[in-house]
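Here is a short note for a colleague opening this entry. Please keep the sequence and the 3D view side by side while reading.

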Amino acid sequence: MKICVVGTGYVGLVSAVCFSEIGHEVVGVDKDKEKIEKLKKGVTPIFEKYLEPLLKKNLKNKKLSFTTALKEGLKNSLLVFNAVGTPPGEQRKVDLRYVWEVAKEVGENLDHYIVFVNKSTVPVGTTEKVEKIIRKNLKKKINFDVASNPEFLREGSAIKDFLQPNRIVIGVKSKRAEKILRKVYEPITKRGYPLIVTDIKNAEMIKYVSNAFLATKLSFINEIANLCEKVGVDIKEVVKGVELDERMGKGYFNPGPGFGGSCLPKDIDGLIHIALDYGIKLKVLDAVRDVNEFQRKIAVLKLKKYLPELFGKKIAVWGLSFKANTDDVRESPAIEVIKKLLEEGAKVKCYDPLAMENAKKVLINQKVEFCKDKMEALYGADALILMTEWEEFKKVKPQEIKKYTKIVIDTRNIWDKEKFKKVGLIYEGMGR
Ligand code: NAD
């Protein structure tokens, strides 16, 4: 099938590459010229395991191409997947301007039947509005369908998540669209991965509820971890004992420095606003957000237990991305911690295996020292704050850290507390 994917960010690029990998002919469209030039050369603007080799392979076998012209992407395409960003806008309400832009442009250029599929995370009712916008902008009477197909991939394991998903959700209102979408995903579903078909609004809601629940689990365990610390209980032992109950669900149950990234914070804010539009206050999600705001400050609060005056102190920060295996620093707790340290007059030296370039862009004009490796960042530091759970950091021995600093704040519980204490380091984990 010929597919057009509009927006070649994390979701759009991974989708375009994976659709071509499972046999479709795909055109990726983005208005960012620089991005498209890179992609045409087989260079990925983001880091994601397996992405670049698959991009190169499918460019070479002509299953995949890129353009900045939506009109070109639309040519002969049966499906248009919309994967543009839906960032937080004013008061952190979902900003849908890019979705509306794409819908208008599709309408203006459409000359044959398509299924327009929203892959972006959008509030309930958006796909219905998209249908109206496309129809309003048509130059002649053309039949088309709209559908919702929210994306659940996680950065860091996006290719695997796309090709081996827990589930594919499709929201449709016509049998024709359902048949086409089932066919698109057939190479995946015939390997046993489940696909559920529902109506469009249900599909839109499934995505928000999924992210809201993951965020709830994280804030819950962060709050419990803080309690464990006070009552002298080890959260790691608690989680081990609780998680074996299959009703709890796997994962998203380890305490950390607060959740970040481009999805969870914006999607819970989005859902809170969607509910408010209907006169409903989502009290649980309000609490999830409050707990997370507090949690994102916890690394600095812990540090101040040992260094009450941060002015002039040198602090090493290991990890800048919002989680391991990605270079994405959007809403990363590490960035917030660095800003707070700078505000307090500390000198920050930082290192991340992949996210340095992106971090430099968001910390522009800030007095931060970006180091070429982790040990350079640690040299002469009064304390180390571990912010991201990279494998590279997990392997570091406490004796090596002891050579350069005395205080360690491990916001991901990646190290063995006893081993750190044994060599004479002050060690602070989360909930331990
Ligand atoms: P992104 O910011 O990485 O990419 C969006 C892309 O859309 C950009 O390259 C931008 O240039 C392009 N774009 C914007 N307007 C355009 C237009 N009119 N025409 C062509 N291109 C246009 O965003 P993302 O992280 O891929 O997220 C996209 C959507 O997927 C969001 O709704 C997000 O919530 C959702 N989502 C993201 C993830 C994730 O892990 N990043 C996971 C699941 C769902």
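1. By class, the largest cavity is lined by 2 nonpolar, 4 polar and 2 charged residues. Nonpolar here covers Ala, Val, Leu, Ile, Met, Phe, Trp, Tyr, Cys and Pro; charged covers Asp, Glu, Lys and Arg; the others, Gly among them, are polar. The lining residues are N118, S120, T121, V122, S148, P150, E204 and K207.

2. A word on the source. This is a predicted model, where local features need pLDDT of at least 70 and side-chain atom pairs count only at pLDDT 80 or more, while totals for chains, interfaces and linings use all residues. Residues are numbered from 1 along each chain as its sequence is written, and side-chain values use heavy atoms, with hydrogens and water left out.

3. The largest cavity has a volume of about 30 Å³. The search of the whole structure finds 1 cavity of 30 Å³ or more. (On a 1 Å grid over the protein atoms alone, a cavity is a set of points where a 1.4 Å probe fits but cannot get out; a pocket is an open set with protein on both sides within 12 Å along at least five of seven lines; lining residues have an atom within 4 Å of a point. Points are joined across faces, edges and corners, and a volume is the space filled by probe spheres set on them.)

4. The second largest pocket has a volume of about 280 Å³. Of its 15 lining residues, L96, P123, V124, K129 and D277 are the closest to its centre. Helix α12 gives the largest share of the lining, 4 residues. (Helices, H or I, of at least four residues and strands, E, of at least two are DSSP runs, numbered from the N terminus.)

5. Which residues have the most contacts inside the largest nonpolar core? They are W318, L341, I401 and W415, in a core of 49 residues. (Such a core is a set of buried Ala, Val, Leu, Ile, Met, Phe, Trp, Tyr and Cys residues joined through side-chain atoms within 4.5 Å.) The largest share of this core, 6 residues, comes from α15.

6. Look next at T405, in the loop between α19 (398-402) and β13. T405 counts as buried because its relative accessibility is 3%. (Buried means under 20% relative accessible area, exposed over 50%, partly exposed in between, with a 1.4 Å probe and protein chains only.) Its side chain reaches the backbone nitrogen of A383 at 3.2 Å. A polar atom of the T405 side chain also lies 3.2 Å from the backbone oxygen of D382.

Technical notes
Polar contact = N/O pair within 3.5 Å; in protein donor to acceptor, adjacent residues only side chain to side chain.
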